[in-house]
Amino acid sequence: MYSLRSAEADLPALPEFPASAGLTAPVSLDACGVSLHACATSDIGFLRDLYHQLRSDELAQVPWPRAHKIAFLDSQFTLQHKHYLSHFKNADFLRIDANGQPIGRIYLSRQAPEFLIVDISLLPAWRGNGIGSALIRHIQILAEGVGSCVNLHVDERNAAARRLYERLGFVATAQEGPYTAMRWLAAAKGSSPS
């Protein structure tokens, strides 16, 4: 993992998160101490660290000095953050907590007639515990309730995530560079988020 510098003041100021209508965690996760909270400026340090961890395996292959890797990841996180806030102004930007500690993020645009999971990311230690599946099923139920489908994109290198989405009823709809666009339709046979 590429730890952040202790002085966040060295990092560029980032735009603030919009007010969120909010989304609560499904009961199954709430009972396990997992909750959702609207992201705030105070979460930037954690979100940046999460981004670093998500890309650490990829950058481990690059023969750059550690300082260059950190600078690169900082700049990429900044660009991604600005992109998400400018293109998904009405999205829910949520931090995922477990027992009061941040463990991930989920960014969800609920603009009918299509929901878009902009991003769902968990710290490595929290993957494979059913949290992502429960959150996606919860989103599917919400979408079905308003007659929406659910879209997302998955990196073609992330076979585990693609298998998860396929198990949850998502089907590939297009290849967009290194990403596969996927869609879940409530009306599709066998797509129930049970």
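The legends below describe an overview and two close-up views of a predicted protein model.

**View 1. Overview of the protein chain.** The chain holds five helices and seven strands, where helices (H or I, at least four residues) and strands (E, at least two) are DSSP runs numbered from the N terminus. Along the sequence these elements follow the pattern α-β-α-α-β-β-β-α-β-α-β-β. Of the 194 residues, 45% are buried, a term that stands for under 20% relative accessible area with a 1.4 Å probe, protein chains only.

**View 2. Helix α5 and its surroundings.** In helix α5, which covers residues 159–167, the buried residues are Ala161, Leu164 and Tyr165. Viewed down the helix axis, these residues fall within an arc of 95° and therefore line one face of α5, the arc being that of the directions from the axis to the C-beta atoms. They pack against β4 (114–122), α4 (131–145), β5 (149–155) and β7, with contact meaning heavy atoms within 4.5 Å. Just after α5, Gly169 adopts a positive phi of about 95°.

**View 3. The hairpin of β6 and β7.** Strands β6 (residues 171–176) and β7 (residues 179–184) pair in the antiparallel sense over five bridges, pairing being assigned if DSSP finds at least two bridges between two strands. Two residues lie between the strands of this hairpin, and Gly177 in the turn has a positive phi of about 65°. Gln175 stands opposite Thr180 in β7.

**Notes.** Residues are numbered from 1 along each chain as its sequence is written. In this predicted model, local features need pLDDT of at least 70 and side-chain atom pairs count only at pLDDT 80 or more, whereas totals for chains, interfaces and linings use all residues, and side-chain values use heavy atoms, with hydrogens and water left out.

Terms used. Buried means under 20% relative accessible area, exposed over 50%, partly exposed in between (1.4 Å probe, protein chains only).
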